[in-house]
Amino acid sequence: MHESHTAEHVHHELGFVRKYIFSTDHKIIGIQYMITAMAMAVVGGLLSMLMRYQLAWPQVLSPTLAKIFPISYSGGVMAPEFYISLVTMHGTLMVFFLFTAVLTGGFGNFLIPLQIGARDMAFPFLNALSYWVFLLSCIVIFSALFVTSGAPMGGWTAYAPLSAVPSAAPGQATGMTLWITAIALFSVSGLMGGLNYITTILTMRTRGLSMMRLPLTQWSLLITAILGLLAFPVLLGAGILLMFDRLGGTSFFVPAGIIMGQVPIDHAGGHPLLWQHLFWFFGHPEVYIVVLPAMGMASDILSTFCRKPIFSYRMMVYSMVAISVLSFVVWGHHMFVSGMNPFLGSVFTLTTLLIAVPSAVKTFNWLGTMWGARIRFTAAGLFAIGFVSMFVSGGLSGIFLGTSAADIQLQDTYFVVAHFHLVMAIAPLFAAFAGLYFWFPKMFGRFMNPLLGKIHFWFTFIGAYCVFFPMHIIGVGGQMRRIYDPTQYMFLVPQQPVNVFITISAFILGAAQLIFLVNFFVSIFAGKRATERNPWHATTLEWTAPSPPGHGNFGEELPTVYRWPFDFSVPGEKEDFIPQDVPATVTARH
Amino acid sequence: MPVLTDDRRIGTVPPPIPPGDNGGNGPSEYGSSFPISKGQIGVWILLTAVVMLFAGLSSAYIVLRGVPAWQNIELPSLLWPNTAILLLSSVAIDLARRAIRRRDAQSMKRWLIAGLVLGVAFLLGQVAAWRQLVNAGVYLPSTLQSSFFYILSGLHGVHLLGGVIALVWVLVAALENKITVFNYERLKLCALYWHVMDAIWIYLFGMLLLS
Amino acid sequence: MADGTGPGRFTLSGIVLAGLIVILIVASLYFFIAQPYWFPILASEHGARIDSLFMAVLVVSGIAFVLVQGALGFFVARYGENGRERAAYWHDNPKAEAILLIITAVILTVLVFMGQRVWASIYFSDAPTDATIVEITGEQFLWNFHYAGPDGQFGRTDSKLITSTNNIGLDRDDPAAKDDIVSIGNMHAPVNKPVRVRLRSKDVIHSFFLPNFRVKQDAVPGMGIEVWFTPTKAGPFEVACAELCGLGHYRMKAALTIDESQEKFNQWLEEAAKQ
């Protein structure tokens, strides 16, 4: 007889605050991450709506906006520095505070112990701490929007010397300092989280759950956490050096002899390209930190709604490993025209096109999963399929950009904007939506409204393509990034109708997300109750727990795993799925 | 014909395992027979992050070393005895670990106190080294190498302070006789952290000297 | 029991999604083939090589796009659930995987080599000696164009000499600088003759972008970076900044005029020198 773990948990009922606010329970922490990230997404999204409005109608007076933002719209027209702040804050909020947070912090926290058959994370207190540091970083970055000297203007990439010299632009004083501080706090939070994810997945898997029986979601979260471990500290180091350049008079990134306005800036021999190398050494793995969990989740959800095993599980794992390793040797493809040694340009072209190979393998495998499937078109299933389409579109445009000579014309144009939005924003967004619709019953014990979910999908799928596909076109036409008014250039004026089309599509796309938000929050309280534990007939361990799982997740005894998570449509079996914790009575025939 | 691979082997049931989580050491209710404990993995992960931080900063150092405006500074003389003190503190902690392994709790406590004293002495010594440099008129923004010196030694010091706090925690547990030959993982992990901090300091000092 | 060889069901969702994908494919084919909006008019020699490279990548990725999205559309239309039959259970085919992987790798390797040839022709070849040389200094928010003048020597510049009337800090006491021309926002070069550009920056990173000439190079403070190109068309063109440099980034433009002949260019230089 072994001691029951539930005995440990039948203690005094925790008060509301300890249970739902300062909880160390991974499920609560995961949901806290998700909701905080959603709030940041709403802010980031609104910022982009303002940007798109400006791009479509650059010189049109907007009295309404002037009333809401009197300083930034003085004279009825958006101030140029406000536009650049919007660009900076939109990118920063979305990349870090939405995507990295929701995918690794939100889904990682909620799913890891549940899918590996554990009761909680390895270090629950540290886990809670990681959320509160994350929340602090959110508060700091949000406050950067309201600084009187202006919100930061360096772009999310914060190139020096623009970011290193406070007088380089309005907003590069306090605003930029807050930006660096927020990113530093975020990095620390991410490292604390990653420490938990790696330790938990490695040491706390339940009986029978070997590594090659893990769902792809878990593999992706493990690999992503390792990537973060290796990449974020470099960003932190670069941020420390940048902060000292700004406030301490050091000259890591600022060369001698520069003059801002008419004022000479006293520095001694730093190198602006050093910032780019350090930033992108982090920055490129960061985009895979965003997309890998998306790939993992989309793969598992796709398989579930295709009622068919994922095609070539082994190669899916190996390709994720290959992508992660290669992600550390491709960073220079962001710097082809930066002034770095052209020989490096050749090297990075080679490595960049090399990293396309494992991504292609994964794409073939998703297609292979759908071939001969029996697809259930739930909202989650639709978003998982949509993920594949978006990732293919975005991935192919990467080939143009990875070829250094072609990149000369396309660098810093909307072609790049189209590429990274499709692969790093829209595809992961689709995967995140798939995950939210899929795991909602497990998180809250209720369903989201399925009809609204499907409507949300159709609008988002069409809207996303209408917004981002035309950006390839205007990028080819030469429209530069971060430009407040494209009509200043004669060669861009003929393309302006495309900008208007994109903006209107963006408004519709943005509005459609309200359908999701309403559905999500209302369903938490009033959605149809999920009475069965496994409504989607999935195979992974979280579906053996109650909806929502209580503290300790699995009741008295932890599940034992006997098989991989992809026994769908096994010939000769009564059901078209076999959960992982079902022992063998019949061996599958081939 | 599809291949039946290991991961699909159905029906294998692992052997029975002890109840509870075994202090996070190996097989437990969680069924995992992962050979390394939670605590060890946690500390190795933390150390990886710290190493990467210094690796990134080192690469910045190496790149800027080649810039024409680079100027070497004279490193404060206190760094030499400081380094020795740090090494000695690490030795002391390791001796504490060895002591408890032979069930000598008294020696362990003495060596832990010695390690703590030496560790704090190192930190104070670093502050004094900074003072030395300031008195020589070399400040943070003076040259590229001085900037790196202050920042690298400062960051190392901050991380070592974390190690000191951990050491205090271990020492308190030791004084309360909670650390035994069957349960000294805390001490092991603390020693690991100190040794790596040691190695990082030797590396940084060497890099600064060799310029 | 069926094993996936039976018909799947055509579902409404599947067909609508497939339809959308067809629209996507047709629309993208239209835009990339009919090119209602396309690259700015080509006006340089090496630019033709860049455009060809782009077309090569476009063909390859276009075919991949049509095939992959098309397959996706076909599968979602064809393999809807019908409540009775099972999906196919196969989930590995090492041979097919290997073939697809190798084909992908080979195609990408070919693209790498094609791209490298173009890259090398731009960056690893020296500019011809009879090039027109311009030193370009970017600053917040304009471009300064510095010509050596008839003596062919560039006057010394020093950042300490920069004033509001002397943007690039030209040392007017330097004999070589007596005939130098500094033009703000206005660049000229003769057609069919190589132009060597030396890029510098006074403050932050800017990027010298000539959309018609397929030229883009960051101007980094503390660095002097050289690129060269040969204009093949005469006429007025625009210069843009392609790296975020502050609030005026959007208006950091200049005019580039390619003169029909060396004489016209020299004329312009003379007039500019008088100012």
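1. Domain bounds here come from an automatic or database domain assignment. For chain C that assignment gives domain 1, residues 12-123, and domain 2, residues 132-274. Keep in mind throughout that this is a predicted model.

2. How far apart are the centres of the two domains of chain C? Taken over C-alpha atoms, the distance is 40 Å. The domains do touch: domain 1 of chain C puts nine residues into the contact, and domain 2 of chain C puts in twelve. On the domain 1 side, five of the contact residues are nonpolar, three are polar and one is charged.

3. Chain C also holds an open sheet of five strands. Read across, the order is β3-β2-β1-β5-β8, and the pairing is mixed. In general, strands of a sheet pair through backbone hydrogen bonds, either parallel or antiparallel. The edges of the chain C sheet are β3 (181-184) and β8 (225-229), each of which pairs on one side only. On average, neighbouring strands in this sheet are turned by 25° against each other, direction ignored.

4. Strand β5 of chain C, residues 195-201, runs antiparallel to β8(C), and five bridges join the two. Which residue of β8(C) is the bridge partner of C:Val195? That partner is C:Phe229.

5. Now chain A. Helix α5 (residues 80-116) and helix α9 (residues 272-306) of chain A have axes that come within 8 Å and cross at roughly 45°. Angles under 35 degrees count as roughly parallel and 65 to 115 as roughly perpendicular. The α5(A)/α9(A) pair is therefore oblique. Its crossing is left-handed.

6. Which residues make that helix contact? From α5(A) come A:Phe99, A:Thr100, A:Leu103, A:Thr104, A:Phe107 and A:Gly108. From α9(A) come A:Ile289, A:Val290, A:Pro293, A:Ala294 and A:Met297. By class, the contact of α5(A) with α9(A) has eight nonpolar residues, three polar and no charged.

7. Chains A and C meet as well. The contact involves 94 residues of chain A and 87 residues of chain C. Several elements of chain A supply at least two residues each to its side: α5, β1 (258-260), α9, α11 (342-370), α12 (379-402), α13 (404-410) and α15 (450-476).

8. Which element gives the most to the side of chain A that touches chain C? It is α11(A), with 14 residues. That side of chain A divides into 63 nonpolar, 22 polar and nine charged residues.

Definitions and conventions: Residues numbered from 1 in each chain as written. Chains lettered and ligands numbered in written order. Predicted model: local features only at pLDDT ≥ 70, side-chain atom pairs only at ≥ 80, totals over all residues. Contact = placed C-beta atoms within 7 Å. Nonpolar A, V, L, I, M, F, W, Y, C, P; charged D, E, K, R; others polar. Pairing = 2+ DSSP bridges. Helix = DSSP H or I, 4+ residues; strand = E, 2+ residues; numbered from the N terminus. Axes fitted to C-alpha atoms, helices over the stretch in contact; angles between N-to-C directions. Parallel < 35°, antiparallel > 145°, perpendicular 65-115°, else oblique. Left-handed = near helix turned anticlockwise from the far one by under 90°.
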